[in-house]
Amino acid sequence: MPSVSGENYFGDINLNQVYIINISPHQIENDIIGWTSHPSNFPKINQTSIEDGGPTSSYYSIYTDGSKTEDGVGAAFCVYEGTRVVKEWSEKLQSYNTVYQAELTAANEAAKYASEQDNSTTIVIHIDNQATIISSANPRTPNAIARNINKILLQHPNIQLSWIKAHVGYEGNEYADKLAKQATERSDSTHTIEYPKSHVKRLLKDSMLQAWQTEWTNGTTGRIVHDVIPTVKQRLTPWKREDFLFFTGHGPFGQFRKRFRLLQSPNCACGMYGSPIHYVTECHLTSSWHLKKPAPQNETLWYKSVAANVQ
């Protein structure tokens, strides 16, 4: 059996072909265990909120957002002093990144920017994703980006994270959303973070299905079933026991029993060749169950038609 060369690659091994996913382990987002700091240190209660904080709970406000469209993934934040925008930031992420990663990235960049400002000024970072706030407030969060936000909150008690309801007309939130969507339309990705596990799982699944499909298409057994179901799928086919016996031919049929030397002849008791289609179309011993026998050139379509009959 062939093997994947090199230990830093994921692959799905097929009997005839190796499908390699060229992603090394250090490029994949990994969970981090332990505390971000001593357990006695944690963000103050008023530093995080998952209740709608409204559009302007502080004179100095930052709005963040992440977006994923057909063009790509973008993250952005905008800074307001009163009603005036004084800072904008946006970057395009890789197409494999998730919206959650984009939301975390935007919040992290906003927190880093806030940490560089005057510590005596209360700065509220408005985030329209509650999961980002919950993860950032958790001193044992397994996410590396959320851990960095948590550390910033510990070092800068003047920075607050507040949830804001999305797409209800809040100016700052709408503007951050606009910046994030504009970032997705850029020609190149300027910000790189690790592959999400969900993306790697999808690649592995696609690789497995591709290998399975190749083996099913090029195989030599089960061709009747292949003609009926040519495409592999993970969802089970809703066949009854009788359906499996008929379409696989693995049942009380003369040709099957002769194959395993349970009978000396493959013929039916009526004297004709005992194939599954014989019993359902022409055997006089099963005439009450007969279906109309197809012409040889129409057998494949006939099998598909029978398989599609839900009765």
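1. In which helix do D177 and K181 both lie, and how many residues apart are they? In this predicted model, both residues belong to helix 4 (residues 171–184), where they are 4 residues apart, about one turn of the helix. Their side chains form a salt bridge in which the closest N and O atoms are 2.9 Å apart. The two partners can also be described by their accessibility: D177 counts as buried at 9% relative accessibility, whereas K181, at 35%, counts as partly exposed.

2. A search of the whole structure finds 5 salt bridges, and one of them joins the side chains of K197 and D31, with an N to O distance of 3.7 Å. K197 lies in helix 5 (residues 197–218) and D31 in the loop between strand 2 (18–21) and strand 3 (48–49), so this pair ties together parts that are 166 residues apart in sequence. K197 is partly exposed, with a relative accessible area of 35%, while D31 is exposed, with a value of 54%.

3. A further salt bridge links E282 with K293, the closest N and O atoms being 3.1 Å apart. Both residues sit in the loop between helix 9 (276–281) and helix 10 (299–308), so the contact ties together parts that are 11 residues apart in sequence. E282 is partly exposed at 29% relative accessible area, and K293 likewise counts as partly exposed, at 43%.

4. Turning to the strands, strand 5 (residues 72–81) and strand 6 (residues 84–93) pair in the antiparallel sense over 9 bridges, and F77 has W89 of strand 6 as its bridge partner. The two strands form a hairpin with 2 residues between them, and G82 in the turn has a positive phi of about 70°.

How values were computed:
Residues are numbered from 1 along each chain as its sequence is written. This is a predicted model: local features need pLDDT of at least 70, side-chain atom pairs count only at pLDDT 80 or more; totals for chains, interfaces and linings use all residues. Side-chain values use heavy atoms; hydrogens and water are left out. Two strands pair if DSSP finds at least two bridges between them. A salt bridge is a side-chain nitrogen of Lys or Arg within 4 Å of a carboxyl oxygen of Asp or Glu. Buried means under 20% relative accessible area, exposed over 50%, partly exposed in between (1.4 Å probe, protein chains only).
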